[in-house]
Amino acid sequence: MSISIKAPDICPKIEGENDFYSWPLYRWLSNFPSRKSVFLGLSIDRGTERLIPYIGTMSNGEFRGRALREMCFHKDGPMYTDVFTEVNGTLVWEDITEAFWSDYLRIGVCAIFGSIAHDWEYISEATRKCKHCKKAERKVIKQVPMTLWESLVKVADEAA
Ligand SMILES: [Zn+2]
């Protein structure tokens with residue numbers, strides 16, 4: 001997968017800060033200009049299986065890179081690569097490079113973190129819109145039925 005993106009294309013406005021773009025992802029691309037393929041692979045965390053994105057390079061079933069979100073969580077984290085092989089299921093990892101970068105250029109950090117990255121701008125008391133991905137929401141207040149267990153003994157008796 002050859003994609004033309006380069007570090008300067010995704011540089012946040014202030015050094016060391018996330019804005020529309022992620023500072024760690026900018027650092028990643030500055031350190032490893034060619035490690036920019038993105039694959040969806042299986043991760044097993046404390047017995048729970050999840051599909052998560054990895055960034056790096058894939059060659060003959062060997063992936064050199066990092067779990068994208070984990071890397072992007074640490075603003076000043078060390079820049080290194082892990083190696084993932086067939087035992088990590090790399091042969092069935094899905095190449096999402098093009099989709100990821102096109103989303104990232106369009107919606108910034110929301111393409112990495114999804115719903116936890118939204119930077120809300122409050123348009124009114126009851127409406128908000130994400131500055132990055134433009135997702136808009138309105139506030140809804142709902143009453144949720146709740147099941148409680150009440151004592152058979154009267155409250156007054158309990159207090160006595
Ligand atoms: Zn957003």
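**Close-up 1. The residue that follows helix α3.** Just after α3, G108 adopts a positive phi of about 60°; here helices (H or I, at least four residues) and strands (E, at least two) are DSSP runs, numbered from the N terminus. The model is a predicted one, in which local features need pLDDT of at least 70 and side-chain atom pairs count only at pLDDT 80 or more, while totals for chains, interfaces and linings use all residues. Residues are numbered from 1 along each chain as its sequence is written.

Close-up 2. In helix α3, which covers residues 97-107, the buried residues are F100, W101 and Y104; a residue counts as buried if 20 or more other C-beta atoms lie within 10 Å of its own, as exposed if 12 or fewer do, and as partly exposed in between, with C-beta atoms placed from the backbone. An α-helix has 3.6 residues a turn, so residues three or four places apart point the same way. On the other side of α3, E98 and R106 are exposed.

**Close-up 3. The partners of the buried side.** The buried residues of α3 pack against β1 (37-45), β2 (48-59) and α4 (110-113), where two residues are in contact if their C-beta atoms, placed from the backbone, lie within 7 Å.

**Close-up 4. The sheet of β6, β7 and β8.** Three strands, in the order β6-β7-β8, form an open sheet with antiparallel pairing; two strands pair if DSSP finds at least two bridges between them. The edge strands, each of which pairs on one side only, are β6 (120-124) and β8 (136-138). From one strand to the next, the twist averages 25°, with axes taken as lines fitted to C-alpha atoms, for helices over the stretch in contact, and angles running from 0 to 180 degrees between N-to-C directions.

**Close-up 5. The pairing of β7 with β8.** Strand β7, made of residues 127-130, pairs with β8 in the antiparallel sense over three bridges.

Close-up 6. The chain contains five helices and eight strands, which follow one another along the sequence in the pattern α-β-β-β-α-β-β-α-α-β-β-β-α. Along its principal axes, the C-alpha trace spans about 75 × 45 × 25 Å, and buried residues make up 23% of the 160 residues.
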